[in-house]
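Reader: I have a protein model open and would like to learn how to read it. Where should I begin?

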Amino acid sequence: MERAADNKREKTRTEIFWGEIAPCDHILQIYEDDDAFIGTLLGFVASGLNSGDSVIVIATTEHLRALNERLRSAGFDLFSLTLKDQYIPLNTEETLSQFMINDWPDENLFYHLLANLLLRARKKDRKVRAFGEMVAVLWSQGHSGATVHLEHLWTRFCQSEQFSVLCAYPKVGFTDDLNGSLAKICECHSKMIDSNKRQTVELPGKKEARAS
């Protein structure tokens, strides 16, 4: 009974944490290990589904597999959710190939892709939240300029279409000039997750990003 009560309290804390995210927030997580990352992603996705939102997840095959296993363990019927486009899982590399030209994000192709995804996700007037790992993949490949440009495209689109976006990068990817690299990424986001304190932190680049 005590363990069940603890699980219920943890679920409530998670729902409160993600319930405070604004519809047009562009959120950043820098994680040290995959388990912490998948835990955060699970909370983001599960709280959205429990609220009746649609959730778009663009992630690597490995991370999608891990997320789906945890969602099923939590009791979600992924077949039904996917069938009605309330849960839309997509592979990162395949999605990138639909709008990248010469290692650079094509703005029109990107917006066309997301517009179609939102059209599917917004059936029955559902709210939408999205997770994208494409930026982390580009960053790991050394395409820093393309990464920052794609982050700005995400920011513009989530603000104009009023949906929240979560991005995540492994900390190991910031090996050279850590502070400078982080600054470039942070200025593209409105909030950063502080996993230790279970809260989000407003980022200095928020006003500038929202003005674009």
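Author: Begin with a term. A salt bridge is a side-chain nitrogen of Lys or Arg within 4 Å of a carboxyl oxygen of Asp or Glu. Keep in mind that the model is a predicted one.

Reader: What is the general idea behind such a pair?

Author: Side chains of opposite charge can pair when their charged atoms come close.

Reader: How many salt bridges does the rule give here?

Author: The count is 8. One of them joins K191 to D25, with N and O 3.1 Å apart. K191 belongs to strand β8 (residues 191–194), while D25 sits in the loop between α1 (2–19) and β1, so 166 residues separate these distant parts of the chain.

Reader: Are K191 and D25 buried or exposed?

Author: Buried means under 20% relative accessible area. K191 has 9% and is therefore buried. D25 has 1%, so D25 is buried too.

Reader: Which residue forms a salt bridge with D53?

Author: R129 does, and the closest N and O atoms of the two are 3.6 Å apart. D53 is buried at 11% relative accessible area, and R129 is buried at 8%.

Reader: Which residues are linked in a network of salt bridges?

Author: D85, R120 and K123 are linked in that way. D85 is buried, with 8% relative accessibility, whereas R120 is partly exposed at 35%.

Reader: What is the phi of D85?

Author: Phi of D85 is near 60 degrees, a positive value, and D85 is not a glycine. The loop that holds D85 runs between α4 (78–83) and β3 (87–91). N102 is another case, with a positive phi near 55 degrees. N102 is in the loop between β4 (100–101) and β5 (104–105). D85 is buried at 8% relative accessible area, but N102 is exposed at 74%.

Reader: How do I read a helix?

Author: An α-helix has 3.6 residues a turn, so residues three or four places apart point the same way. A further step is to check the length of a helix. For α2, 17 residues at 1.5 Å a residue should span 24 Å, and the end C-alpha atoms are 24 Å apart, so the two values agree.

Reader: Is α2 mostly covered or mostly open?

Author: Mostly covered: 12 of the 17 residues of α2 are buried. Among them are F37, I38, L41, L42, F44, V45 and L49.

Reader: What is found at the start of α2, and what follows α2?

Author: At the start, a side-chain oxygen of D33 comes within 3.1 Å of the backbone nitrogen of D35. After α2 comes G52, with a positive phi near 90 degrees.

Reader: Which residue does the side chain of Q29 make a polar contact with?

Author: The side chain of Q29 makes a polar contact with the side chain of T40, at 3.0 Å. Q29 is in strand β1 (residues 26–31) and is buried at 1% relative accessibility. T40 is one of the buried residues of α2.

Reader: What does the whole protein come to?

Author: The protein has 10 helices and 9 strands. Of its 212 residues, 47% count as buried. Among contacts between residues at least 6 apart in sequence, 75% join residues at least 24 apart. The protein exposes about 11,000 Å², and carbon and sulfur atoms supply 51% of that area.

Note on methods
Residues numbered from 1 in each chain as written. Predicted model: local features only at pLDDT ≥ 70, side-chain atom pairs only at ≥ 80, totals over all residues. Heavy atoms only, no water. Helix = DSSP H or I, 4+ residues; strand = E, 2+ residues; numbered from the N terminus. Buried < 20%, exposed > 50% of the residue type's maximum accessible area, 1.4 Å probe, protein only. Polar contact = N/O pair within 3.5 Å; in protein donor to acceptor, adjacent residues only side chain to side chain. Expected span 1.5 Å × (residues − 1). Contact = heavy atoms within 4.5 Å. Areas by Shrake-Rupley, 256 points an atom, 1.4 Å probe, with all protein chains shown as cover.
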